[in-house]
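Please brief me on this protein model.

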Amino acid sequence: MSGNLPTIPLAIPNIGAGEAKNLQACVDTNFVSSVGPFVTEFEERVAALSGSSAGVAMGAGTQALHIALRAADIGLGDLVILPSFTFIASANAISHSGATPWLMDIDPASWTLDPETVRTALKTQTEMRGGTLRHKASGMRVAAMMPVYTLGTPADMDALGSIASEYGLIIIADAAAAIGVDYRGEPIGPKAHMTCYSFNGNKTITCGGGGMVVGDDPMLMKRVRHLSTTARVSPNYEHDMVGYNYRMTNVQAAIGCAQLDRLNDFLAVKRRIRARYNDAFSGRAGLSVFPQPEDRESACWFSGLVLDDDALPPVNDVCARLKEHNIEARPFWMPVHMQAPYAQAIKEACPITEGVWQRILTLPCSTSLSPADQERVITAVEAALS
């Protein structure tokens, strides 16, 4: 059916001459490991972009979340509030720390953690015991909240921050795809105690892999850096804690620095792609587009549409039809509480999450996607839905 049409991938890196130049500098200087000028530059630039005073680069976004939790002394016997509608890595990072996710629903207007669900759950299902906030049924300490900035859209951090302050909770934001985004005109970093990014290959900017923790609390950030560098206290292989070898390499950071030079252009392209899909599919019977709260920016990491009408083909069938035209499309996240490792997790009712996840169709959105290729995608989607 597709003839010799080239494949249009879902989301791939956009690597160019700047990245090649930086990589050659790594080779020329022999700085290819976890020490080197690009690591320092990348940390400083991402922290500044986030409105935070410090950043610590890691090998992956999951590592960033894990270290942030450990730095905050969150571990065995603790509950961390998390939206069930997230990539499973968010929950895995909590589990890696020894803690347990408390899964909750999302706001349909943003697909991010719903403040009212959180407030109600804390009001009805927790109590203070000996000065510690406890989940009544399990007796576990409620220690933290991990809002996820779905598709690069910040959660309602004013409301969630107020709740966290009322109950004494640490906020560790999973901002994996939200690089370069503001929250109501302000940088996102200060909206949480620590904010974590991912630089995986499908993110708006990439290091090939990688992550970062940014924050303002000097003691927390010092602890983040210490734990991520094997908790080493001297050149003589002396360590004072069980640490982790999580540092980003200079090679990864070299790519990241060149990607940061292009971030504004990448964000503009991502938003153009989102706007074109919205224009093509919004207002059509049985379809809706990805939510975008008016009071918040979005990085528009992924774009696509929602198949609201049960009479339409299932998302997996649409993906198969698009594949026949050499167009890659995919479903989106299966909720965490439906995943085998978390089937018995503590959770609240998640009607919004359960109602939307199987209806989401993600469409090609690489920053290299041309307008002509996007029109090809739109035409193929229209045919696949007919």
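Arg 376 sits in helix α12; helices (H or I, at least four residues) and strands (E, at least two) are DSSP runs, numbered from the N terminus. This is a predicted model, in which local features need pLDDT of at least 70 and side-chain atom pairs count only at pLDDT 80 or more, while totals for chains, interfaces and linings use all residues. Residues are numbered from 1 along each chain as its sequence is written, and side-chain values use heavy atoms, with hydrogens and water left out.

**Arg 376**

- Arg 376 counts as buried, at 17% relative accessibility.
- Buried means under 20% relative accessible area, exposed means over 50%, and partly exposed lies in between (1.4 Å probe, protein chains only).
- Arg 376 touches Leu 5, Pro 6, Ile 8, His 325, Asn 326 and Ile 327, leaving aside residues up to four places away in sequence.
- Contact here means heavy atoms within 4.5 Å.
- Arg 376 and Ile 8 are 368 residues apart along the chain, yet 9.3 Å separates their C-alpha atoms.
- A polar atom of the Arg 376 side chain lies 2.9 Å from the backbone oxygen of His 325.

**Thr 367**

- Thr 367 lies in the loop between β19 (360-363) and α12 (371-385).
- With a relative accessible area of 11%, Thr 367 is buried.
- Its contacts are Asn 14, Phe 266, Val 269 and Lys 270, not counting residues up to four places away in sequence.
- The side chains of Thr 367 and Asn 14 are joined by a polar contact of 3.2 Å.
- A polar contact is a pair of N or O atoms within 3.5 Å; within protein, one must be able to donate a hydrogen and the other to accept it, and residues adjacent in sequence count only if both atoms are side-chain atoms.
- Thr 367 and Ile 81 are 286 residues apart along the chain, and their C-alpha atoms are separated by 33 Å.

**Cavities**

- On a 1 Å grid over the protein atoms alone, a cavity is a set of points where a 1.4 Å probe fits but cannot get out; a pocket is an open set with protein on both sides within 12 Å along at least five of seven lines; lining residues have an atom within 4 Å of a point.
- Grid points are joined across faces, edges and corners, and a volume is the space filled by probe spheres set on the points.
- The whole structure holds two cavities of 30 Å³ or more.
- The largest cavity contains about 70 Å³ of space.
- It is lined by 16 residues, and the closest to its centre are Ile 12, Pro 13, Lys 203, Thr 204 and Thr 367.
- The lining of the largest cavity has six nonpolar, eight polar and two charged residues.
- In these classes, Ala, Val, Leu, Ile, Met, Phe, Trp, Tyr, Cys and Pro count as nonpolar, Asp, Glu, Lys and Arg as charged, and the others, Gly among them, as polar.
- The second largest cavity has a volume of about 30 Å³.
- Its lining consists of Leu 49, Ser 50, Ile 179, Gly 180, Val 181, Ile 188 and Tyr 197.
- Five residues of that lining are nonpolar, two are polar and none is charged.

- The largest pocket holds about 610 Å³ of space.
- It has 36 lining residues, and Phe 87, Asn 202, Lys 203, Trp 301 and Trp 333 are the closest to its centre.
- At least two lining residues come from each of α3 (61-71), α4 (88-96) and β12 (194-198).
- This lining has 20 nonpolar, 12 polar and four charged residues.
- The second largest pocket holds about 190 Å³.
- Its lining residues include Leu 307, Asp 309, Trp 357 and Arg 359.
- Seven residues in the lining of the second largest pocket are nonpolar, two polar and three charged.

**Helix α5**

- In helix α5 (residues 115-125), the buried residues are Pro 115, Thr 117, Val 118, Ala 121 and Leu 122.
- They lie on the same side of α5, because they cover an arc of only 165 degrees around the axis.
- The arc is that of the directions from the helix axis to the C-beta atoms.
- An α-helix has 3.6 residues a turn, so residues three or four places apart point the same way.

**Positive phi**

- Leu 151 is not a glycine, yet has a positive phi of about 60 degrees.
- Leu 151 lies in the loop between β8 (141-145) and α6 (157-167), and is buried at 4% relative accessibility.
- Thr 230 also has a positive phi, near 60 degrees.
- Thr 230 lies in the loop between α7 (218-228) and β14 (232-234), and is partly exposed, with a relative accessible area of 28%.
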